[in-house]
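Here is a note to read alongside the structure, one point at a time. Keep the viewer open and look up each residue as you meet it.

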Amino acid sequence: MSEELLENVSVDEEEVRPKKFYSLLEIRGKGTQVTKEQEEFLWKVYKYAREAHRGQKRKSGEPYFEHPYQVALILSEMNMDVITVASGMLHDVIEDTNISFQEIAEIIHPEVAQLVEGVTKISGIKFKTHEDKQADNFRKMLLNVARDIRVLIIKFADRLHNMRTIGSLNKMKQRRIALETQEIYAPLAHRLGMYKLRAELEDLILKTLDYEAYRFLKKKVRESKDSRDNYIKVFSEPLKKELAKQNISAVIKGRSKHFYSIYRKMKIRNKPFEEIYDLLAIRVIVDTVEQCYAVLGSVHKIFTPVMERFKDYIASHKANYYQSLHTTVYGPGGKVVEIQIRTREMDHIAEEGIAAHWKYKEGKSNDIDKYVVWLRDLVEMLKTDSINSREFMEALKIDLFKDEIFVFTPMGDLVRLPVGSTPIDFAFEIHTEVGYGCIGAKVDGKMVSLNTQLKSGQKIEIITSDAKKPSYAWLKIAKTSKALTAIKKWIKNNQKQDSIQLGREILEKENRKNRTLHFLAEVEKRFAELGYDNLDNLLADVGEGELSTNRLHEKLFAAEEEQQPEGFLTASLNRLTRRTNHGIKVHGVKNMMIKFAQCCHPIPGDPIIGFISRGRGVIIHTNDCNNIPALVGKNERLIDVEWDVDKQQIFASNIKITGQERRNLLADITKITSETNTNIIQIEGNVDDTINHINLVIEVSNLRHLDKVISKLRRLQGIISVERK
Ligand code: MN
């Protein structure tokens, strides 16, 4: 550890260090003991954290410091580096006390400050809906994790201790936290190879969500312990004898699968405990890789393999870096026994996953980067604007829960894909450009259709063409988030390019009609004034019919008071918004004439701002309305306004729906909308190719009402997107 770490450490002679503090140092594994200066550093952090949380209590009534202390203890047990253990002790101080990032950076250590801030950012923000909140939390988490994976490991330790102590919360909270742990943290732990952590989390989830089942399994496993131990002994004896002949010393262990995995197997296979439990798993641990294969040979010599093939995860490890040889044999008494053979290091990595690398590689190795390649892919995806919270969560779940197949390129390179993948996924996995150009595929030399499901061991060849043509149909065929994101991006870009081109043609035609006006030249100069950040967006709006040439004409060439920012609007919407004059309080001014902007259609719940127009009263826009930048130059005419709505009041809202064309789509949309007690003012649809674009104008009372309708619509079959306009 560097010397700067010690700069601010003054040795405190007066306080005798408690046993508890020494536990932090003692539980660490071999080769990871702390030096004297690291001990001084941790003692300083210990006192600092204890002081920071002084007086605070947990729900259970114990001092709050117990929680961060236990988190640090978990991290120390995982053999994490001293900086991470220190950060665990301080992980809640930015959020729960008035200590700042700067203070931690200056008094403790800049790296610790950064980790603590990373952990805080994950949990600190409030969102509108549960789904958004969850999605956004994970976005934040992944973005931080991409910078330093230790943020995630601290968060895991935090979650583990919270799950261990979940009993002191009320039932509702217990359930919510357990479900979140089940949906995200346990699969993430699996993806990062952290078997031990995942097993404990899953058992605690089971204990919380189905206590009866948990108690039943615990009792059964305990009762069967003697016969299990006995069986392992009978199994081991001939194997040990055989290995001794070859001078191999092996540790043979057999332990019960964790409760949740027995539970899951019972549920999936619908079988009683005894039958599931019959599948005994035995682990053989040796020193070298050569010995692993020697053990495999001996096992097959003594016991009959159930299948001819065994799985070699040493030659090609799983995506989470798990390595082992797997085989299944008929053991003594004809029992089916699963055997895992691996080295000590492989065993440690199989238990601790990514966290193990801090022990072996001091946390700086490329291995850690490899672990998170998929994470970085996800983060790349987050940066594309074409993805909403729901799509993000779906992509995340695909990546977390997938089982894998292994296929090969024509050159013999190995490619990992989720089960169910098609040649399209393979093509995008090779390269985005190969994906875009894919027009056909050969599997083991034979032409197959693009929706063929690939199987392990196949050799795949992609046939490409320069004429790229990804289509909506591909979204149904592709399985990986990488392929799905790339296809969506292509479709979106291409649509936009078409719209821009069309918009340009429309304006050129207008130029030809009226040679004195120079439409194109004007918009090229004045797009910002019209509320656009760039010319392409304006042209795209013209191309998509969002901005008519008449409207543009008015905006460009009419007198100032006609320059109100107004987007495209339907006639009926116009009527309704004129009717709605109330519902707004203007600061300091009474009886102002109110009009709602027709570019952004604000509804109660939206943050809003007023714009005083000459002769037309106050026009209400949403705070993030695209037209606001155009008004900024006229700052003195912006005014603070607030919602002030009656219960009965209703507002018009415009929703844009994109969906696969199918029978009864419009009817289903109408039905589902009516079910939420929502009036439909207008519904219009047009089909291009196989995609239906629907414009829906409804009456809502506020943002919550609108969100409810939108989320119901999103669940309809064949819907691609539902956006507020
Ligand atoms: Mn915490």
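The points below go from the whole chain to single residues.

1. First, some ground rules. This is a predicted model, in which local features need pLDDT of at least 70 and side-chain atom pairs count only at pLDDT 80 or more, while totals for chains, interfaces and linings use all residues. Residues are numbered from 1 along each chain as its sequence is written, and side-chain values use heavy atoms, with hydrogens and water left out.

2. How confident is the predictor? The mean pLDDT of the chain (the predictor's confidence in each residue, from 0 to 100) is 79, and 80% of the residues reach 70 or more. Where pLDDT is low, the predicted coordinates should not be read in detail.

3. Now the overall build. The chain has 32 helices and 21 strands; these are DSSP runs, numbered from the N terminus, with helices being H or I of at least four residues and strands E of at least two. Of its 725 residues, 50% count as buried. Here buried means under 20% relative accessible area, exposed over 50%, and partly exposed in between (1.4 Å probe, protein chains only).

4. Next, look inside. The largest nonpolar core has 60 residues, and Leu90 and Met194 have the most contacts inside it. Such a core is a set of buried Ala, Val, Leu, Ile, Met, Phe, Trp, Tyr and Cys residues joined through side-chain atoms within 4.5 Å. A second, separate core of 29 residues includes Phe596, Ile620, Ile655 and Ile672. Beyond four places in sequence, the residues that Met194 touches include Met78, Ile153 and Phe156.

5. Which residues coordinate the manganese ion? They are His67 (NE2), His91 (NE2), Asp92 (OD) and Asp158 (OD), at 2.2 to 2.5 Å. Donors are N, O and S atoms within 2.8 Å of the metal (3.2 Å for Na, K and Ca); water is not among the atoms, so sites may look incomplete. The site links distant parts of the chain: His67 is in helix 3 (residues 66-77) and Asp158 in helix 9 (residues 150-164), 91 residues apart. Both His67 and Asp158 are buried.

6. Compare two aspartates in loops. Asp606 sits between strand 13 (594-596) and strand 14 (608-613), and counts as buried because its relative accessible area is 9%. Its side chain makes a polar contact of 2.5 Å with that of Arg724. A polar contact is a pair of N or O atoms within 3.5 Å; within protein, one must be able to donate a hydrogen and the other to accept it, and residues adjacent in sequence count only if both atoms are side-chain atoms. Asp444, between strand 9 (438-443) and strand 10 (446-448), is partly exposed because its relative accessibility is 48%. A polar atom of the Asp444 side chain lies 2.8 Å from the backbone nitrogen of Lys459.

7. Finally, check a backbone angle. Most residues other than glycine have a negative phi, and most peptide bonds are trans. Asn247, however, has a positive phi near 65 degrees. Asn247 is in the loop between helix 13 (225-245) and strand 1 (251-254), and is exposed because its relative accessible area is 72%.

Definitions and conventions. Contact means heavy atoms within 4.5 Å.
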